[in-house]
Amino acid sequence: LDVSIQRANTGDFKDIKVLRHRILGHLDEKVLEQRLRDLGETDMLHWTSSFGHIFWAFFKASPGVQAELDQVYQEFNMTPSHYSAVHCRVRHPKATPSNVYIKGKSNSHPADKSGLPWYGDNRDFAVSVATKAVYCARTLLEDENRNEPIYFFSDSNDLVRYMAHELPNPDWRAANATVLRNSTDMAAIKAIEPIRLIAREMTMENAHIDRQKGRDPPAYYGTFVDFLLATNARCVTYG
């Protein structure tokens, strides 16, 4: 970082008007922000609206993404800023409390690349994360928006299907009553019962644009649809 600053100020790039320096932000964020503070900067980018302003200055939804986004709004009768959102990132290698490596649905690849296996401890872990996040989101429902929908999205399509499509369905719960008796499932049922938890159709997973490369562009639409739905939510709870 010091070398890059020197090159920009007095070195090879001093006459260049636009420069880019890329660092792994989530690891060096504190160092970068302290340097900005030392220079008198008051907008630290993180946890401010600055990233949003920069993003929307450069990007807009493609016609395909916009069409799917409009379909979700119409299907659930949603309007921007009049719904909440819950996002659960359960496939990440650091997602588990003990940072345990989780094999994916394909034994030759981790969960982050090939999907989280939907059984046993992996399933219970994902459902527990989602349950806690939903409870947190419920505390943010104020009196005037007590009945607003909560949009649920995740990097696990199995988790989305379970939390937002299967559990709210009384017929599905009755048909699967014998397998919904453990404490994890009972807690999830209790969490979603008083609210309107919704999600778009998630037959296909949200493709990871970094870990699952080379697919046709429409394969990534769902990821961007969820991202845009989150940006337009009144608030977002992370699990």
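Here are legends for close-up views of this predicted model.

Residues are numbered from 1 along each chain as its sequence is written, and side-chain values use heavy atoms, without hydrogens or water. Local features need pLDDT of at least 70 and side-chain atom pairs pLDDT 80 or more, while totals for chains, interfaces and linings take in all residues.

**View A. The main nonpolar core.** The largest nonpolar core has 33 residues, with Cys88, Phe152 and Leu159 among those making the most contacts inside it. A core here is a set of buried Ala, Val, Leu, Ile, Met, Phe, Trp, Tyr and Cys residues joined through side-chain atoms within 4.5 Å; buried means under 20% relative accessible area, exposed over 50%, partly exposed in between (1.4 Å probe, protein chains only). Elements giving two or more residues include β1 (84-88) and α7 (157-166), but α6 gives the most, with 8. Helices (H or I, at least four residues) and strands (E, at least two) are DSSP runs, numbered from the N terminus.

**View B. Around Cys88.** Skipping neighbours within four places in sequence, Cys88 touches Val129, Phe152, Leu159 and Gly239, among others. Contact means heavy atoms within 4.5 Å.

View C. Most residues other than glycine have a negative phi.
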